[in-house]
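Subject: Structure for you to look at

Hello,

Please find the structure below, followed by notes on what was found in it. Keep it open while you read.

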Amino acid sequence: MQHQLAFTLVMLFAVFAASSDGLNGAEKITPKAAAQALKPVPARELFGRIAQAVPMTARSIGGYARGCMAGGKMLPVNGPAWQAMRLSRNRNWGHPLLVKYVERLATDARQLDGWPGLLVGDMAQPMGGPMLTGHASHQIGLDADIWLKPMPPKELTREERENISADSMLGDDKLTINGKLWTPGHVKLLRRASLYPEVARIFVHPVIKKALCGAAGDDRGWLGKIRPWWGHHYHFHVRLTCPVGNTGCMNQPALGSDDGCGVELDNWFKLLTRPPAPPDPNQKPPKPKLPLTLADLPADCAKLIGAPVQASEAPATADIEQPEDAKPTATGE
Ligand SMILES: [Zn+2]
């Protein structure tokens with residue numbers, strides 16, 4: 001397997017580095033290169049190259065932005081009311097409960113609300129874990145991105161699924177909703193998506209949250225689960241709670257009963273309209289973020305892929321590479 005190969009190469013390099021001062025004294029490498037060779041492999045290099053899940057009891061292990069998944073299931077690329085997008089990424093995997101949720105939301109939204117069908121974006125990798133690109137979270141098979149663009153009435157080709165662009169729901173000023181694309185159907189879809197008890201949170205851009213707050217009328221119980229976050233104007237991000245019995249799966253703190261349409265939303269709009277801070281000439285450049293290694297994940301993640309754990313150099317933080325899951329926090333929001 002590729003990850004074993006990667007590890008073997010690193011170890012060989014390390015052995016070579018250690019012995020190159022030895023008998024023949026020939027090939028030498030610098031201490032810096034030797035240290036480089038001994039660096040632990042980023043966990044994303046291991047999990048990001050796994051093509052398939054191994055059949056076993058399903059389990060979400062760790063936190064949304066620091067974990068992995070056993071016994072994941074693949075969402076079929078086509079269903080009666082959904083199509084999976086960007087198939088080359090191989091991220092249409094999830095805990096079986098997430099797969100079931102997406103299938104059910106797709107068919108319910110069509111039957112009960114008249115939504116044409118779901119275009120499903122990234123869920124998780126076959127065994128979850130950190131990804132080579134994008135997303136701080138989506139690691140334990142309980143997160144799914146669903147496009148806000150309705151599914152077209154035809155089966156998309158593989159190529160179309162790679163190339164069709166998603167639609168942003170923001171107007172040109174980025175502070176108001178795009179009235180040409182946003183419809184009452186979107187409100188019904190997000191309401192429907194939030195109603196299932198297994199849903200912990202749904203992330204949308206603050207402008208979308210504001211549109212939902214305005215459209216909800218007296219029926220406001222569902223709004224609390226809809227959480228404003230950066231990005232998330234091309235898609236919404238559903239996060240399920242830890243499945244019952246999955247010890248070692250870490251939920252986020254429970255939400256209060258507030259619908260989030262008052263002070264919290266006002267504060268988000270203050271952030272969105274805040275002028276950028278003037279550059280500070282004395283500010284030190286931020287330290288580069290170290291990628292997560294196996295040592296940063298729960299021990300069961302290393303066991304799951306059969307890889308040895310090398311000691312981590314420093315406390316790592318989940319990295320950010322794309323705006324859609326920007327600003328990872330302890331809670332992975
Ligand atoms: Zn997401």
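Two strands are said to pair if DSSP finds at least two bridges between them. Helices (H or I, at least four residues) and strands (E, at least two) are themselves DSSP runs, numbered from the N terminus. This is a predicted model, in which local features need pLDDT of at least 70 and side-chain atom pairs count only at pLDDT 80 or more, while totals for chains, interfaces and linings use all residues. Residues are numbered from 1 along each chain as its sequence is written.

The chain as a whole

The chain holds nine helices and eleven strands. Of its 333 residues, 36% count as buried. A residue is buried if 20 or more other C-beta atoms lie within 10 Å of its own, exposed if 12 or fewer, and partly exposed in between, with C-beta atoms placed from the backbone. Two residues are in contact if their C-beta atoms, again placed from the backbone, lie within 7 Å. Among the contacts with a separation of 6 or more, 74% are between residues 24 or more positions apart.

Strand β11 and its partners

Start with strand β11, residues 235-240, where six of six residues are buried. His235, His237 and Arg239 point one way from the strand, and Phe236, Val238 and Leu240 point the other way. Strand β8 (residues 143-147) runs antiparallel to β11 and is joined to it by five bridges. In this pairing, aspartate 145 stands opposite histidine 237 of β11. Strand β9 (residues 199-204) also pairs with β11 in the antiparallel sense, over four bridges. Here the residue opposite histidine 237 is phenylalanine 203.

Strands β1 and β2

Strand β1 (residues 59-63) and β2 pair in the antiparallel sense over five bridges. They form a hairpin, with two residues between them. Glycine 62 has glycine 67 of β2 as its bridge partner. Strand β2, residues 66-70, is mostly covered, with five of its five residues buried.

Helix α7

Which residues of α7 are buried? They are Pro206, Val207, Ile208, Lys209, Lys210, Ala211 and Leu212, which is seven of the ten residues in the helix. These buried residues pack against α6 (184-195), β9, β10 (226-228) and α8. Just after the helix, glycine 217 takes a positive phi of about 65°.

Valine 207 has its place in α7. It counts as buried because it has 25 C-beta neighbours inside 10 Å. Leaving aside neighbours within four places in sequence, valine 207 is in contact with Leu170, Leu175, Thr176, Ile177 and His233. Valine 207 and leucine 175 are 32 residues apart along the chain, and their C-alpha atoms are separated by 6.1 Å.

The axes of α7 (residues 206-215) and α8 (residues 263-273) come within 10 Å and cross at roughly 145°. Axes are lines fitted to C-alpha atoms, for helices over the stretch in contact, and angles run from 0 to 180 degrees between N-to-C directions. The crossing of α7 and α8 is left-handed. A crossing is left-handed if the near helix is turned anticlockwise from the far one by less than a right angle, and right-handed if clockwise. On the α7 side the contact is made by Pro206, Lys209, Lys210 and Cys213, and on the α8 side by Leu265, Trp268, Phe269 and Leu272.

The axes of helix α4 (residues 96-113) and α6 also come within 10 Å, crossing at roughly 130°. The two helices are therefore oblique to each other; angles under 35 degrees count as roughly parallel, over 145 as roughly antiparallel, 65 to 115 as roughly perpendicular and the rest as oblique. The crossing of α4 and α6 is right-handed. Leu105, Asp108, Ala109 and Asp113 in α4 meet Gly185, Lys188, Leu189, Arg192 and Ala193 in α6.

Two loop residues

Asparagine 90 lies in the loop between β5 (82-84) and β6 (93-94). Its phi is near 55°, a positive value in a residue other than glycine. Asparagine 90 counts as partly exposed because it has 16 C-beta neighbours inside 10 Å. Histidine 135, in the loop between β7 (118-120) and β8, also has a positive phi of about 55° although it is not a glycine. Is histidine 135 buried or exposed? With 26 C-beta neighbours inside 10 Å, histidine 135 counts as buried.

Regards
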